[in-house]
Amino acid sequence: MPQVKTRRELYSEATRAALLDEATRLFAAYGYAGTSLEDVASASQVTRGAVYHHFEGKQALFEAVLDRQESQAIARITAAATAADPLEAALQALDAFLDQCCDPAYGRLVWLEGPAALGWHRWRECEQKYAYGLVERFITTLVDAGYLADRALGSLVRFSFWMLGGAGLALAEAAEADRPRLRQEWRYLIRRTISGLRAS
């Protein structure tokens, strides 16, 4: 039988969710450097002490925001890959990924603010925790299905990971009006690259 949560536990969870919501909005609008814990506390209608109750500091709060962004993105991308054929499923996932990268909040938080807020090495660890594993799964499935040659698998996964990262960064840096065009260009280039890597 599931344990019933106390009113205090429910309030604590609601407070944490509100902090993440407001922090996401503020970090996406003003960047990591332009957002203070006081800003987040004020927007969430809680004290600064309440923020510290849930997060050790601004970097920990940002990392929680990034964690939630990536978890939601991975869920959407995975859900989009519905085709039974592994190659078609991978292409569906690619489209979902590019759509996700066109989202202004996701793009800024993950590709622009992430490295600045966490530092290059910690940001890479976060990306490998989420995106790298997903890319590895799709590439391994394509190799197992015979679509891609079974050689240099580790390097192929890293190559694919950084190719997708290049697309994400390009879309994040682009003006909103340019994103649809750039999305199609990166879609074309990545699909052509996959075709060029097909097992003969």
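This is a predicted model: local features need pLDDT of at least 70, side-chain atom pairs count only at pLDDT 80 or more; totals for chains, interfaces and linings use all residues.
1. Glu38 and Arg48 form a salt bridge in which the closest N and O atoms are 2.8 Å apart. Because Glu38 lies in helix α2 (residues 37-44) and Arg48 in helix α3 (residues 48-54), the pair ties together parts that are 10 residues apart in sequence. Glu38 is partly exposed, with a relative accessible area of 40%, and Arg48 is likewise partly exposed, at 38%.

2. Asp95 and Arg183 meet through their side chains in a salt bridge of 3.6 Å, N to O. Asp95 belongs to helix α5 and Arg183 to helix α9, so this pair ties together parts that are 88 residues apart in sequence. Arg183 counts as buried, at 11% relative accessibility.

3. Arg108 forms a salt bridge with Glu113, with 3.1 Å between the closest N and O atoms; Arg108 counts as partly exposed at 25% relative accessibility, whereas Glu113 is buried, with a relative accessible area of 12%. Elsewhere, salt bridges that share partners join Asp95, Asp99, Arg183 and Arg187 into one network.

4. At least two lining residues come from each of α4 (58-80), α5 (86-102), α6 (104-118), α7 (120-144), α8 (153-173) and α9 (179-196), with α7 giving the largest share, 7 residues. By class, this lining has 21 nonpolar, 2 polar and 2 charged residues.

5. The second largest cavity, with about 50 Å³ of space, is lined by Trp111, Trp123, Arg124, Glu127, Phe161, Trp162 and Gly165. The elements that give two or more residues to this lining are α7 and α8. By class, the lining of the second largest cavity has 4 nonpolar, 1 polar and 2 charged residues.

6. The count of disulfides comes to 0. Cys101 is in no disulfide, and the nearest cysteine sulfur, that of Cys102, is 7.2 Å away, beyond the cut-off of 2.5 Å for a pair of cysteine sulfur atoms. Cys126 is also in no disulfide, the nearest cysteine sulfur being that of Cys101, 16 Å away. Cys101 counts as buried at 1% relative accessibility, and Cys126 counts as buried at 9%.

Note on methods:
Residues are numbered from 1 along each chain as its sequence is written. Side-chain values use heavy atoms; hydrogens and water are left out. Buried means under 20% relative accessible area, exposed over 50%, partly exposed in between (1.4 Å probe, protein chains only). Helices (H or I, at least four residues) and strands (E, at least two) are DSSP runs, numbered from the N terminus. Ala, Val, Leu, Ile, Met, Phe, Trp, Tyr, Cys and Pro count as nonpolar, Asp, Glu, Lys and Arg as charged, and the others, Gly among them, as polar. On a 1 Å grid over the protein atoms alone, a cavity is a set of points where a 1.4 Å probe fits but cannot get out, and a pocket is an open set with protein on both sides within 12 Å along at least five of seven lines; lining residues have an atom within 4 Å of a point. Grid points are joined across faces, edges and corners, and a volume is the space filled by probe spheres set on the points. A salt bridge is a side-chain nitrogen of Lys or Arg within 4 Å of a carboxyl oxygen of Asp or Glu.
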